[in-house]
Amino acid sequence: MEKVEKIISPSWIFLAEEGDEVLKDHSIVVSGGAIHDVVPTSDVFQLYEASEAYQLSNHLILPGFINAHSHSAMSLLKGYADDLPLNTWLNDHIWPAENQHVSFDFVKDGSTLAIAEMIKGGTTTFNDMYFFPEATAEVVSKVGIRANIGLGVLDFPTNYANDPEDYLTKGFAFRDQWRDHKLITTCLAPHAPYTISNKTFELINTYAEQLDLGIHMHLHETRSEVEDSIKAFGITPIQRMQDLGVLGPKLMAAHCVHVSEADAKLLSVNGVSAICNISSNMKLGSGIPDINQLLQRGINVALGTDSSASNNALDMMREMRALGLVSKGLNMRSEFLKPAELIRMATINGAKALGLDELTGSISKGKRADMIAINLDTIESQPCYEPLSSFMYSADRSSIEYVWIDGNTKLKQGQLVCLDEEDILQRTKIWQTKIKRI
Ligand SMILES: [Zn+2]
């Protein structure tokens, strides 16, 4: 018998590859932090001997969620400014608060709060864009979550850097320090077309090509962003990015809410991934992304939460359900965006967007063991005629009982491993007191 680390035996497994099939009574065998095998539970104990065995007879296993657009440290600004349009929210509230408070320690404590929430909600990889990335990386490394951390760039000064060159110098120093970490990858993260000049985009594009780095940015979030670009440049932000050579398969375009047919075609022919953040878009009154239009063009659609300052949660289950229900309603098509497709958007499509699909995003032999187990034997989920339906329409994140990242247990019976919730709550309250003193 082959010795392995873990045997996980749930009732159901959704692999998040092609098709809607749910495996029944199969076990996942984990060895060396990777998915070593998926075999019928009736055979598994004849083939393998494990250090740990999980009998999860009421559970559905999914790949861990990939939060493809986040600003984790902004969790400290959760509920700080609500029910405002994006421009007012950013210019009059969020940016002034950030000027006052953002520091290495703010990012470290904010990222800790966010990562704790993300793991409890089944997120095993996040794609982050913020300042002081080394503070986020410290927490990522300590906790053991997977992260693609952006090297943030803006054309104006912040507490982190003075000008585009300064942002990039600091970003590359961070990248050099963390480039060999097994759970951390990096990309360039210019904030948005309305905060970055053509000259800076040219610099970013050169680095992206030379270093083979992805680019993560906000794109077509509001109607005024598109209208202002047409006034200033005579073209939409997507057309401007095309002219600058920024569009390509390595571009992770967050939002894509107001996209014309011509712009959707440009995203499609260039292989850009669109990252939908529907709760943030709705809460800021920015609009609703037309997922049907993006899917019709064959665009890879992934999901993100955006920050807790605009969401106000980092809950991928809530994002899937909101996107599914709103899109069904808008398109007047009940069969549109079934649970399997929404789960793929929250998992494998996110991995493709981040360029990590060889490593994670589905339950496939050889990939790293990034997985979650959801208990469907609860008042809200029973009766369970079909597990993906119970998961999508009835369960909530409190049903997530186990999270494994890179084969290591990070949530066990609903309790965080490696993080002290009491300590996080105390630190968060201290920040709340400081921030309220503005
Ligand atoms: Zn954002």
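Trainee: Which residues does A274 touch, leaving out those up to four places away in sequence?

Mentor: In this predicted model, A274 touches A253, C256, L267, L294, I299 and V301. Contact here means C-beta atoms within 7 Å.

Trainee: What makes A274 stand out in the largest nonpolar core?

Mentor: Its contacts. A274 is among the residues with the most contacts inside that core, along with A253, I275 and L303. The core has 130 residues. Members must be buried and joined through C-beta atoms within 7 Å.

Trainee: Which helix gives the most to this core?

Mentor: Helix α3, residues 104-120, with eight residues.

Trainee: Why is the core said to lie between domain 1 and domain 2?

Mentor: Because both domains give residues to it. Domain 1 is 2-63 + 371-405, and domain 2 is 65-354.

Trainee: How far apart are the C-alpha centres of the two domains?

Mentor: They lie 30 Å apart.

Trainee: How many residues of each domain are in contact with the other?

Mentor: 15 residues of domain 1 meet 20 residues of domain 2. On the domain 1 side, β5 (48-63), α15 (387-394) and β15 (400-405) each supply at least two residues. α15 gives the most, with four.

Trainee: What is the class make-up of the side of domain 1 that touches domain 2?

Mentor: It has eleven nonpolar, one polar and three charged residues.

Trainee: What share of the chain counts as buried?

Mentor: 52% of the 438 residues. The test is 20 or more other C-beta atoms within 10 Å.

Trainee: Which residues of α2 pass that test and are buried?

Mentor: L86, W89, I94 and E98 are buried.

Trainee: Where does α2 bend?

Mentor: At I94, by about 35°. A proline, P96, follows within four residues. I94 is also one of the buried residues of this helix.

Trainee: What share of the contacts with a separation of 6 or more joins residues 24 or more positions apart?

Mentor: 73%.

Trainee: How many helices and strands does the chain have?

Mentor: The chain has 16 helices and 17 strands.

Note on methods. Residues are numbered from 1 along each chain as its sequence is written. This is a predicted model: local features need pLDDT of at least 70, side-chain atom pairs count only at pLDDT 80 or more; totals for chains, interfaces and linings use all residues. A residue is buried if 20 or more other C-beta atoms lie within 10 Å of its own, exposed if 12 or fewer, and partly exposed in between; C-beta atoms are placed from the backbone. Two residues are in contact if their C-beta atoms, placed from the backbone, lie within 7 Å. Domain bounds come from an automatic or database domain assignment. Ala, Val, Leu, Ile, Met, Phe, Trp, Tyr, Cys and Pro count as nonpolar, Asp, Glu, Lys and Arg as charged, and the others, Gly among them, as polar. The bend at a residue is the angle between axes fitted to the seven residues ending there and the seven starting there.
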